[in-house]
Amino acid sequence: SGFDMAKYVKASQVADLYSLKDLQESLDTVIAEDFMEVTSSDDFLESATKDELIRLLQLDNLAAPSEQQVYEAVMRWLVHDASRMQHAAAVLSHVRLALLDVGLLYGLLRTEFGTMQDCRNIILEAMAYHSLPPETGRDLDWPRSKSRTQMDEKVLLALSSEARMFTVNGWKKNTVSFGGATVYAAAVVENVLYMM
């Protein structure tokens, strides 16, 4: 069964109209957990409004492997209908662009988005974040540089030469070589690898 945008919007309107906070939280949880399926559906691309997309992007618990997929979903929505380009800055301002690869950001500057002043400013802000030393960047409280909750729940553990990564879909086995050195344990915390 595919995502039905109309049903989601109607239920969300009812929750808002009657101040049903629990219903709205449940709806948000469902849509966040199915983020990849929802944003890939034809129904979403055809009928989601700017405000509905922004509401979705404001959720911290989107189940996306990385902010790259969130960015790609926004780009699909924007290019699906040329009239949506007027909303590009409003929508992009809710994507955590500082979490994207700096090469992608440079490429984005060379597109139509780089010619729109508000979009350009958002992209340049993310690029400025990349120029900061890592310890400084982690100490700043920039909303567009904060990892989403689902993405923070990745943990890498290694025992000897076998590594397993916990993802949203459970434990995945990885083969890891550390130059022949025996590694008893390793963990990634805030994008820093610790090995013992």
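# Briefing on a predicted helical and stranded chain

Glu52 has its place in helix 5, in a model that is predicted. The secondary structure of the chain comes to 12 helices and five strands, and buried residues make up 36% of its 196 residues. Among the contacts in the chain with a separation of 6 or more, 60% are accounted for by residues 24 or more positions apart.

- The side chain of Glu52 does reach a backbone atom, namely the nitrogen of Thr49, at 2.9 Å.
- When residues up to four places away in sequence are not counted, Glu52 touches Met5, Val9 and Ser47.

**Helix 2**

- Helix 2, which runs over residues 21–33, has 13 residues and reaches 18 Å from its first C-alpha to its last, close to the 18 Å expected at 1.5 Å a residue.
- The buried residues in helix 2 are Gln24, Leu27, Asp28, Ile31 and Ala32; seen down the axis of helix 2, they fall within an arc of 130 degrees, so they line one face of the helix.
- The face of helix 2 turned away from that buried side carries Asp22 and Glu33, both of them exposed.
- The buried residues of helix 2 are covered by parts of the chain that include helix 1 (5–17), helix 3 (35–40) and helix 5 (50–57), and helix 5 is also the element that holds Glu52.

**Helix 10**

- Helix 10 has 15 residues and reaches 21 Å from its first C-alpha to its last, which is close to the 21 Å expected at 1.5 Å a residue.
- In helix 10 the buried residues are Cys119, Ile122, Ile123, Ala126, Met127 and Tyr129; viewed down the axis of helix 10, these residues fall within an arc of 155 degrees, so they line one face of the helix.
- On the other side of helix 10, the exposed residues are Gln117, Asp118 and Ser131.
- Asp118, which is found in helix 10, is exposed with a relative accessible area of 53%, and its C-alpha is 5.7 Å in space from the C-alpha of Ala89, although Asp118 and Ala89 are 29 residues apart in sequence.

**Salt bridges around Asp60**

- The structure holds seven salt bridges, one of which joins the side chains of Asp60 and Arg96 at 2.5 Å, N to O.
- Asp60 lies in the loop between helix 5 and helix 6 (67–80), while Arg96 lies in the loop between helix 7 (88–92) and helix 8 (102–109), so the pair ties together parts that are 36 residues apart in sequence.
- Asp60 counts as partly exposed at 28% relative accessibility, whereas Arg96 is buried, with a relative accessible area of 7%.
- The side chain of Asp60 also meets that of Lys146 in a salt bridge, at 3.2 Å from N to O; Lys146 lies in the loop between helix 11 (134–139) and helix 12 (149–152) and Asp60 in the loop between helix 5 and helix 6, so this pair ties together parts that are 86 residues apart in sequence.
- Lys146 counts as partly exposed, at 43% relative accessibility.

- The side chains of Glu125 and Arg144 meet in a salt bridge at 2.8 Å, N to O, and the pair links distant parts of the chain, with Glu125 in helix 10 (residues 117–131) and Arg144 in the loop between helix 11 and helix 12, 19 residues apart.
- Glu125 counts as partly exposed at 29% relative accessibility, and Arg144 is likewise partly exposed, with a relative accessible area of 22%.
- Salt bridges that share partners join Asp60, Arg96 and Lys146 into one network.

Key: Residues are numbered from 1 along each chain as its sequence is written. This is a predicted model: local features need pLDDT of at least 70, side-chain atom pairs count only at pLDDT 80 or more; totals for chains, interfaces and linings use all residues. Side-chain values use heavy atoms; hydrogens and water are left out. Helices (H or I, at least four residues) and strands (E, at least two) are DSSP runs, numbered from the N terminus. The expected span of a helix is 1.5 Å times one less than its number of residues. Buried means under 20% relative accessible area, exposed over 50%, partly exposed in between (1.4 Å probe, protein chains only). The arc is that of the directions from the helix axis to the C-beta atoms. Contact means heavy atoms within 4.5 Å. A polar contact is a pair of N or O atoms within 3.5 Å; within protein, one must be able to donate a hydrogen and the other to accept it, and residues adjacent in sequence count only if both atoms are side-chain atoms. A salt bridge is a side-chain nitrogen of Lys or Arg within 4 Å of a carboxyl oxygen of Asp or Glu.
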